[in-house]
Amino acid sequence: VEKLQSFIRDLLVYTINFIKNSFQSIFEFFIFIVTFYFALMESYKNRLWFFAYIPKAYRTTWARYFQQGMELIGRFIVVEMQLFTLTFILLCIGFYFLKFEAFVIKAFLIAFADCLPFLGIGIFLIPVSIYYFIVDEPMIGIAILVLYFMVQMIRQLTESMLWSHTLHLRMIHTFLISAASV
């Protein structure tokens with residue numbers, strides 16, 4: 001009987017705390033939504049509305065830097081989406097001919113990981129190739145290595161071409177810059 005009373009008391013305290021925290025979370029979420037709505041409305045009218053809180057002497061200069069930064073980020077996102085699509089298509093084709101199961105999902109995950117910093121398709125394809133060498137299927141291992149090198153080469157040349165068109169540079173310059181950065 002004492003254990004049942006203790007259990008009911010603990011359940012009641014947990015329920016009351018849960019309801020209290022739920023109301024607090026709902027109220028905080030409501031405040032966030034209202035604030036977010038007004039921030040979006042202000043941004044729709046004037047993208048630089050928050051520069052009103054910066055000293056007047058710096059507003060124009062900082063606003064210009066902000067706009068240039070936003071344009072550069074927009075260009076970067078467009079180039080990355082194009083590279084993601086290219087990598088995805090190349091991996092889909094390669095995995096299809098290698099007869100991998102669920103090749104579209106695998107290609108999507110590897111292409112997505114390629115977009116993330118410090119990750120690339122080599123983190124996935126090289127260990128898979130090594131695995132196939134270990135399990136005595138060297139032809140699949142070699143095919144995966146060839147796929148890796150082909151995708152890397154095509155992607156690197158395409159990336160140089162896309163950035164050269166975006167930054168109005170020659171393709172060889174962007175290729176040399178990216179090669180030097182590696």
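Let me begin with a definition: rings of Phe, Tyr and Trp (its six-membered ring) count as a pair if their centres lie within 6.5 Å, with planes under 30 degrees apart called stacked, over 60 edge-to-face and the rest tilted. By this rule, the structure holds 15 aromatic pairs. One of them joins Y37 and F38, whose ring centres are 5.5 Å apart and whose planes meet at 65°, so this pair is edge-to-face.

A word on the source: this is a predicted model, in which local features need pLDDT of at least 70 and side-chain atom pairs count only at pLDDT 80 or more, while totals for chains, interfaces and linings use all residues. Residues are numbered from 1 along each chain as its sequence is written, and side-chain values use heavy atoms, with hydrogens and water left out.

How accessible are Y37 and F38? On our scale, buried means under 20% relative accessible area, exposed over 50%, and partly exposed in between, using a 1.4 Å probe and protein chains only. Y37, at 47%, is therefore partly exposed, whereas F38, at 51%, is exposed.

I turn now to F88 and F108. Their rings also form an edge-to-face pair, at 6.2 Å centre to centre with 85° between the planes. This pair links distant parts of the chain, since F88 belongs to helix 2 (residues 56-97) and F108 to helix 3 (residues 103-115), 20 residues apart. Helices here are DSSP runs of H or I with at least four residues, strands are runs of E with at least two, and both are numbered from the N terminus. F88 is partly exposed at 22% relative accessibility, and F108 is partly exposed at 40%. Together with F84 and F112, these two residues make up one aromatic cluster.

Next, the packing of two helices. The axes of helix 5 (residues 138-167) and helix 6 (residues 171-181) come within 8 Å and cross at roughly 120°; axes are lines fitted to C-alpha atoms, for helices over the stretch in contact, with angles from 0 to 180 degrees between N-to-C directions. Helix 5 is therefore oblique to helix 6, given that under 35 degrees counts as roughly parallel, over 145 as roughly antiparallel, 65 to 115 as roughly perpendicular and the rest as oblique. Which residues of helix 5 and helix 6 meet? With contact meaning heavy atoms within 4.5 Å, Q156, L157, S160, M161, W163 and S164 in helix 5 meet M171, T174, F175 and S178 in helix 6.

Finally, N46 sits in the loop between helix 1 (2-45) and helix 2.
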